[in-house]
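Here is a friendly walk through one protein model. Please have the structure open as you read.

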Amino acid sequence: MARIIAGVTSSHVPAIGAAIDNGKTGEPYWKRVFSGFEKAKEWMAKARPDVCIVVYNDHASAFSVEFIPTFALGCAAEFPPADEGWGPRPVPVVKGHPEFAAHIAQSVILDEFDLTVVNKMEVDHGLTVPLNLMFGSPKEWPCRVIPLAVNVVMYPPPTGHRCFMLGRAIRKAVESYPEDLRVVVMGTGGMSHQISGPRAGLINSKFDKAFLDNLTKDPKKLIRLKHVEYMREAGAEGIEMVMWLIMRGALDDRVDEVYRFYTVPASNTAVGHIILENRQKKAASRLKRAAARANVAVRRSK
Amino acid sequence: MPRREQAYDDIPGTFVFDAERSRQGYGINMFCMSLMKEENRKAFKANEAEYLKKFNLTPEQTDAILKRDYNRMLELGGNIYFTAKLGATDGHSFQHLAALMTGSTQEGYAKMMLAGGRPIEGNRSKSGLGKPRTAAKPKSKVRSKSRSKRG
């Protein structure tokens, strides 16, 4: 059975990608940002996920305004890096997992999440920058990736509650897939930032830190947060943090926070990175005990 | 029909790219999207006003684009991820656009970001009613309700 072992959040600032691509990661400004993701790479090397489900948003690359899907699941075998105006990023082609993705699509649609199936899609910095932050810059990405693109560009994006419940449905889909796969769900983007209009440059660290606290301990509080509050408190583009709730919804109610990093700024944004582990072992032993009890009961009744 | 007033219109310095603006700004955003191709960038640069005729823009939208009035583009339905492509076509960094939109210099904007960004205090609402709060205490929708009725 496939299972979700952990969830992580990661920034997807395009300038981080540019810093990597132009060899600027050693500069003091960028060193501060990248140092916060050293632990992530170590952790990933140990976690060895077979598949990462990456919740992200496209930035006028694969989707223009011709169609704006709220949730779009990448079911292709490959997702080439998009040309965002200065040539595609020099990163490996992202390898999908079509069978698993098709299974997830079928399962969550029957669970009443009417997502769009995408069989051909290029992926922009929104997806590739988080992969760099979590895996560095290898020749090939070390695991398969299922992109889940969420509309957070046009208002209204899906509500936090909807995102959280989609996470739940994804978990159910994952756990009904017969192959033994270790799955990590990544929520990307954020944290507070506004890049448009006269209020551009807004950062609200107090909001961000409370958001991170609640993400670990009390996500139910976050799912009630209204869109207007995200935009007011965390900036017009800060609303993309609803994507993190898909990740959180896919995890156990109680999780272990194994790492957290927060810094301001990376380009125009606050950067928040957190690693949350499911308490799989305990859950697994609980299930075993329950199964053993059930077996005893069945034997007795015979 | 005038634009319906929304709860988020009270957020200062912000043009939310909502479904209504998305409809209104379709031409602006499709124009910006066209700039992803080198041949289109060249055609636009050769004769801007002529090139813009292909996109079914209003005179106000055309004017905002020709003047590189980025805030006005947002107000008329442009989205920042799209209008940034126009900035890139002009050879500008995003920081240049941010400085333009915020009425700052590039240096001043960069300094502000390094110092922790634009503070939330004093920037919550036009009316001053937005109370300080954190993600830990999400609530309050009173304002939005009373406003939307008027809209």
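This is a predicted model: local features need pLDDT of at least 70, side-chain atom pairs count only at pLDDT 80 or more; totals for chains, interfaces and linings use all residues.

## A first look at the sheet

Strand β8 itself covers residues 182-188 of chain A. It is mostly covered, with six of its seven residues buried.

## Strand β1 and its two partners

On to strand β1, which spans residues 3-10 of chain A. Six of the eight residues in β1(A) are buried, so the strand is mostly covered.

β1(A) pairs with β8(A) in the parallel sense over seven bridges. β1(A) also pairs with strand β10 (residues 269-278) of chain A, this time in the antiparallel sense over four bridges. A:Ala6 is a handy residue to look at here: it stands opposite A:Val184 in β8(A) and opposite A:Glu277 in β10(A). Further along, A:Ser10 has A:Thr188 of β8(A) as its bridge partner.

As you look along these strands, remember that side chains in a regular strand alternate between the two faces of the sheet.

## The nonpolar core

How many residues does the largest nonpolar core have? The count is 132, and the residues with the most contacts inside this core are A:Ile53, A:Val55 and A:Leu73. Helix α6 (residues 160-175) of chain A supplies the largest share of this core, with eight residues.

Leaving aside residues up to four places away in sequence, A:Val55 touches A:Val185, A:Met186, A:Gly187 and A:Thr188, among others. Its contacts also include A:Leu148 and A:Val150, as well as A:Met243, A:Ile246 and A:Met247.

## Helix α5

Is helix α5 (residues 125-135) of chain A mostly covered or mostly open? It is mostly covered: 10 of its 11 residues are buried. Among the buried residues of α5(A) are A:Leu127, A:Val129, A:Leu131, A:Leu133 and A:Met134. A:His125, A:Gly126, A:Thr128, A:Pro130 and A:Asn132 are buried as well.

An α-helix has 3.6 residues a turn, so residues three or four places apart point the same way. Just after α5(A) comes A:Gly136, which takes a positive phi of about 80 degrees.

Key:
Residues are numbered from 1 along each chain as its sequence is written. Chains are lettered from A and ligands numbered from 1 in the order in which they are written. A nonpolar core is a set of buried Ala, Val, Leu, Ile, Met, Phe, Trp, Tyr and Cys residues joined through C-beta atoms within 7 Å. A residue is buried if 20 or more other C-beta atoms lie within 10 Å of its own, exposed if 12 or fewer, and partly exposed in between; C-beta atoms are placed from the backbone. Helices (H or I, at least four residues) and strands (E, at least two) are DSSP runs, numbered from the N terminus. Two residues are in contact if their C-beta atoms, placed from the backbone, lie within 7 Å. Two strands pair if DSSP finds at least two bridges between them.
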